[in-house]
Amino acid sequence: MDIYLPIAEVAVNAPLIVLLGAVVGFISGMFGIGGGFLMTPMLVFLGIPAPVAVASMANHVAASSMSSVIAYSRRRAVDLRMGAVLAGGGIVGAFLGVELFRWLRLMGQADLVVSLSYLVFLGVIGGLMLMESLSAILRRRRNEPPPPRRDRRPVWLYGLPLKMRFPRSRLYISVIPPVALGIFVGVLSAIMGVGGGFILVPAMVYVLRMPAGMVVGTSLLQIIITTALTGVLQAGRNQTVDIVLATLLLVGGIVGAQFGARASSRFRAEELRAILALIVLLVGLRMGLGLFLTPDEPFVLMSGMG
Amino acid sequence: MLGAVLALATTAAVPGPPLPPSPNPTAPVISAALTDTTVQVKSDFRGARIVLYGAVFDSAARPSDVVVLVRGPEQPVRLTRKQKVAGLWLNSRPVVFRGAPGFYRAASNRPLDDIATFGTLRRLGAGVDHLPINAPAEQHIETRYGVRDVVVSSLGPDYYDWRRAVVRIREKSGLYHEDGQGVSFVDRGLFRAEIALPTGAPTGVYQAQILLFQDGKPVSSRQRTLTVEKVGLERALYVWAHDRPWSYGLAAMAFALAAGWGASAAFRRD
């Protein structure tokens, strides 16, 4: 059952798109990430123009994150204050990122930067997460005790000015690291067409040292705010949001996210992280591969007139 | 003058012999029509096939060739070339080509090269190799070997590779097509051709030019227009998204957030 998308101006198989939305939504609910890093390449692979895929994806990510953040907030697993600080940085970053992306497109180097960002960020984060989670799984198999949790937080987190209390996360740290993290993720989200959860989640765990229970819900809150802004900006400035595509995706996405959030409690945390790490690593390598393989067609049509 | 126009209009309105008026009664004349003059793009749009049919009126029955050229609205092409730099395939500076129609089809009863000379085809823009595609931003005029006003492209000798790539990429997506057997004579003087529009065909006004060739020269031509337009919900959404993008974006996002909220409420386990 094919359906014609009015903005993308291509016909897609509607059940396939709904299914894709459901699968990504499931992953999103399970790991507390937006899933944009998976969705954007898949949509482009299905023949949807990249600017439309990136922009419409923002609506889908916002919807499925909304669907699962409510479940987390009922469990009081969202640090609203930390989410707001991160999102403040994210908003600045999104504006910067949109300008940077516009300039890169004019130079014709957007493809390169997108591929490199996927390769570097997904590769590094996927690799680190995979190593960490595999060693945790191995330790458990051998019945070794878990390593003592390093409660000592990095000194620079405390040395910086502008300290703020985050009672939910039991933190009293400078706002500079979370704001900087928000800006960084905002820029990436505009360039890579992602929510940024795959960077936020590990950064909140390993850099900000937030309690594990707070991380997923708070990251989802930040993702909603950033992607809602990105989605409206993309529609307003580039007219690239395809509401039919977004609706198809989010129908699957919101249902998938609910099942994902429930399924996550059936797995051990390190197993979940290992699966996510594998997915992240594979997508990163696949996107980076294009830089090294000889293309069949040396000439590439560029979308948009800059 | 006004009387003459009115008289013409009246003659055209009266259903009669389909012979169009011609200054010389023995001159050959071509006549053609499309089965559909509008193509509606709806949610089930999967491309369209339009039949063009027509007739050659020639009392002397000289050997005739028919060429049908269909051009869609112009769509500039922004193209980049992958180059290997330090082991990585990187994009070159993008080049903008103008004069490229968003859709192009050349159909004829035998290959174009057998019908007319290179110069004639070039002048008419008949055939994918003769489309007036060029990159004006890359061109400058200089004096070479004492010859003034020579147009030089900064793409240098690769220029034709770039130009061919524009055609090749559009051919691959079904937007450009040249068919030396696309026009078939079904009876003496009576011909038909099919125009296949792919799903990605741009919306807008298409011009169909039907040319009659005798002895390698175009002796008669007809022009027909075809409109491809979005209708219904597709059109409403497209117009909304382009005319009032901010309200469209806000509404789309509000809908997405509400849907997420609704799903969470629906799935809540109490």
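## Terms and ground rules

Buried means under 20% relative accessible area, exposed means over 50%, and partly exposed lies in between (1.4 Å probe, protein chains only). Helices (H or I, at least four residues) and strands (E, at least two) are DSSP runs, numbered from the N terminus.

This is a predicted model, in which local features need pLDDT of at least 70 and side-chain atom pairs count only at pLDDT 80 or more, while totals for chains, interfaces and linings use all residues. Residues are numbered from 1 along each chain as its sequence is written, chains are lettered from A and ligands numbered from 1 in the order in which they are written, and side-chain values use heavy atoms, with hydrogens and water left out.

## Helix α2 of chain A

Let's begin with α2(A), which is mostly covered, as 7 of its 10 residues are buried. The buried residues are A:Gly36, A:Phe37, A:Leu38, A:Met39, A:Thr40, A:Pro41 and A:Leu43.

A:Thr40 belongs to this helix and counts as buried, with a relative accessibility of 6%. Which residues does A:Thr40 contact, leaving aside neighbours within four places in sequence? They are A:Ala53, A:Val54, A:Met57, A:Tyr118, A:Met192 and A:Gly193, where contact means heavy atoms within 4.5 Å.

## The glycine after the helix

A:Gly47 follows α2(A) and has a positive phi, near 100 degrees. You will find A:Gly47 in the loop between α2 (36-45) and α3 of chain A. Its relative accessible area is 43%, so A:Gly47 is partly exposed. The C-alpha atoms of A:Gly47 and A:Ala8 are separated by 9.6 Å, with the two residues 39 apart along the chain.

## Where chains A and B meet

Now for the interface: 59 residues of chain A are in contact with 52 residues of chain B. The area buried between the two chains is about 5000 Å², with 68% from carbon and sulfur atoms; buried area is the accessible area (1.4 Å probe) that two parts lose on being put together, summed over both.

The rule finds 1 salt bridge across this interface, a salt bridge being a side-chain nitrogen of Lys or Arg within 4 Å of a carboxyl oxygen of Asp or Glu. The partners B:Arg46 and A:Asp2 meet through their side chains at 3.9 Å, N to O.

## A strand pair across the interface

β5(A) is joined by 4 bridges to strand β5 (residues 77-85) of chain B, and the two run antiparallel. Two strands pair if DSSP finds at least two bridges between them. In this pairing, A:Leu301 stands opposite B:Leu79 in β5(B).
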